[in-house]
Amino acid sequence: MRFPKEGLLVALSASGVRAVNNGLARTPQMGWNNWNTFHCSVSSTLLTNTAKLLTEYGLQDLGYKYVVLDDCWSSGRDANGKLVADTTKFPDGMGAVADALHEQGFLFGMYSSAGEMTCARYAGSLDYEENDAQSFADWGVDYLKYDNCYHMGRFGTPLISFNRFNEMAKALKKTGRSILYSLCNWGEDYVHTWGGSIANSWRISGDIYDSFARPDDLCSCTNAADPACIAPGTHCSVLAIINKVAPYIDRGLPGGWNDLDMLEVGHGGMTEEEYKAHFSMWAALKSPLLLGNDLRAMTASSLAIINNPAIIALNQDPRGRAIQRISRDLDVPVDRHGVGETHVWSGPLANGDQVVIFLNAADADLDMSASLEDIFIMDGVGTAPQIQQDWAVHDLWGNSGSRMSLHDAQALLDAKDADARRSFLQTKLDWYNATELPYAQGLSRRDPRLFGERIGVVEAGGKISARVPRHAAKVFRLQSVSGQDTTRKSLLRDEL
Ligand code: GLA
């Protein structure tokens, strides 16, 4: 049966998942936020110096373009009820910070809370929404992260929370300035069911911490449907967040995304494989990618993770659909360590390619596999046309192909100044530049820098197998080599 075009639109808006219509975040937002490393030690110098390093390390040109200031920036309100910037941390005021970042080609993000106070007990915006939105607009702010602390009891049902966060959505809109609106209510009150109608992203969990899988009582609330789940907490591991978002990952659409929280890559609490898995999952789950590390003290290993253009291209893929979990095994025997958890995830990309991720959260290296029938299960149980095709398998963390070597990453970090870094990236490495060639174009031109390393072919009806190290992810991009464009083919089938 075929939907007329109008029918499809009605169906989308009736199910309430149509994204907020402000034209922003058509792909997940990318940038840097100070909180994970610097907490309240914020200043204009920190922001502008970080922006400079984002440029010099080629990260700005990979898409990291929002520089987001988190909590602790104000010194209260003036007699007119207007928020005032802390003049020790921001001597020239917030407008000057915005100007400096804009001059460097960045967009400026700021923070407040839909509460009487922010989480660090600075002035919050509850009942001051119009005043504060106007200040943000006057200062030239492009992004607002809007937290949930000290909400004065105004939560407990989706409608109560929606109304509270919608006040700021309306106030931002009223300013007439284009401001990306990023909710931070930690998944409370089923935000995945209403966030997309007023905001560009919504946090789905308590705060992340720098651990891959360690359970922590402070992040005990992992099931949004549990009525006892009223305090999402902190110290949420990468695995806890992945498991929390899994049931409603499809809520992310161009314009509005599930936010899995800021990245921990580079803090030192995880292994290199864990950080690669964390970054890969955030990218393919279509979370905003906000770096949270100290760029002044970055290792080559961290740089060569956050700058992998083939992984970022999954996140920025114009089709805008997250991977889905197609299997979860909680009872994988792991030698003498008992049992462990593994997942297989899969999802379609704009050009008809398919991404497949083997996630091994168990405490031992394991063999994992998935058949084409499993991988394309969302296209028909055993009937997907893709099962009958041959697929080239590209390893997106492969050592040849798109990834920067550790040696080159170290050379870039060690280069003597901005000019040396620029010429190293452009001349020596011919490094991917999404400012010049946006991901959508690079993908449609099949730019090899976005496709990792080709490692083999899986034939029609076959399966992919791989040895996956402990706490790691294998990330594959499958490309049809049967001479058919699968998107086109399934469209034609539907039209018959
Ligand atoms: C909350 C948020 C964090 C951060 C802090 C700031 O915990 O979830 O991301 O913004 O507040 O105080």
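Visitor: Buried means under 20% relative accessible area, exposed over 50%, and partly exposed in between (1.4 Å probe, protein chains only). With that settled, is Asp408 buried or exposed?

Guide: Asp408 counts as buried because its relative accessible area is 15%. One caution about the source: this is a predicted model, where local features need pLDDT of at least 70 and side-chain atom pairs count only at pLDDT 80 or more, while totals for chains, interfaces and linings use all residues. Residues are numbered from 1 along each chain as its sequence is written, and side-chain values use heavy atoms, with hydrogens and water left out.

Visitor: Where does Asp408 lie?

Guide: Asp408 sits in helix α13. For naming, helices (H or I, at least four residues) and strands (E, at least two) are DSSP runs, numbered from the N terminus.

Visitor: And what is Asp408 in contact with, leaving aside its neighbours within four places in sequence?

Guide: Phe424, Lys428 and Leu429, once those neighbours are set aside. Contact here means heavy atoms within 4.5 Å.

Visitor: Which side chain does Asp408 meet in a salt bridge?

Guide: That of Lys428, at 3.7 Å from N to O. The pair ties together distant parts of the chain, with Asp408 in helix α13 (residues 406-414) and Lys428 in helix α14 (residues 418-428), 20 residues apart. Lys428 counts as exposed because its relative accessibility is 55%. The rule for a salt bridge is a side-chain nitrogen of Lys or Arg within 4 Å of a carboxyl oxygen of Asp or Glu.

Visitor: How many salt bridges does that rule give?

Guide: The count comes to 21 salt bridges. One of them joins the side chains of Asp261 and Arg203, 3.3 Å from N to O. That pair also links distant parts of the chain: Asp261 is in the loop between β9 (257-259) and α9 (272-284), Arg203 is in strand β8 (residues 201-203), and they are 58 residues apart.

Visitor: Are Asp261 and Arg203 buried or exposed?

Guide: Asp261 is buried, and so is Arg203. For another pair, take Asp294 and Arg296, whose closest N and O atoms are 3.0 Å apart in a salt bridge. Arg296 counts as exposed because its relative accessible area is 58%.

Visitor: Switching topic: which residues of α4 are buried?

Guide: In helix α4 (residues 93-103), Met94, Val97, Ala98 and Leu101 are buried. Down the axis of α4, the buried residues fall within an arc of 100°, so they line one face of the helix. The arc is that of the directions from the helix axis to the C-beta atoms. As a general point, an α-helix has 3.6 residues a turn, so residues three or four places apart point the same way.

Visitor: What do the buried residues of α4 pack against?

Guide: They pack against α3 (44-56), β2 (66-68), β4 (83-85), β5 (107-113) and α5 (129-139). After α4 comes Gly105, with a positive phi near 85°.

Visitor: Which residues form a nonpolar patch on the surface?

Guide: Ile377, Met378 and Val381, with about 310 Å² of accessible area together. Patches are made of residues with over 30% relative accessible area and no salt bridge; like charges are joined within 9 Å, and nonpolar side chains (Val, Leu, Ile, Met, Phe, Trp, Tyr) within 5 Å. Accessible areas come from the Shrake-Rupley method with a 1.4 Å probe, and for residues, only the protein chains shown count as cover. Val381 is in the loop between α12 (372-375) and β15 (391-395), and counts as exposed because its relative accessible area is 68%.

Visitor: Where is Gly456 found?

Guide: In strand β16 (residues 453-458). Leaving aside neighbours within four places in sequence, Gly456 touches Trp391, Ala392 and Val393. Gly456 counts as partly exposed because its relative accessibility is 26%.

Visitor: Last one: where in the chain is confidence lowest and where highest?

Guide: Confidence is lowest in helix α1 (residues 5-14), at a mean of 38, and highest in β2, at 99. Over residues 1-17 the pLDDT is below 50, and this stretch has 10 contacts in the model beyond near neighbours in sequence. Residues 486-496 are also below 50, with 14 such contacts. The chain has a mean pLDDT of 92, and 91% of its residues reach 70 or more. pLDDT is the predictor's confidence in each residue, from 0 to 100.
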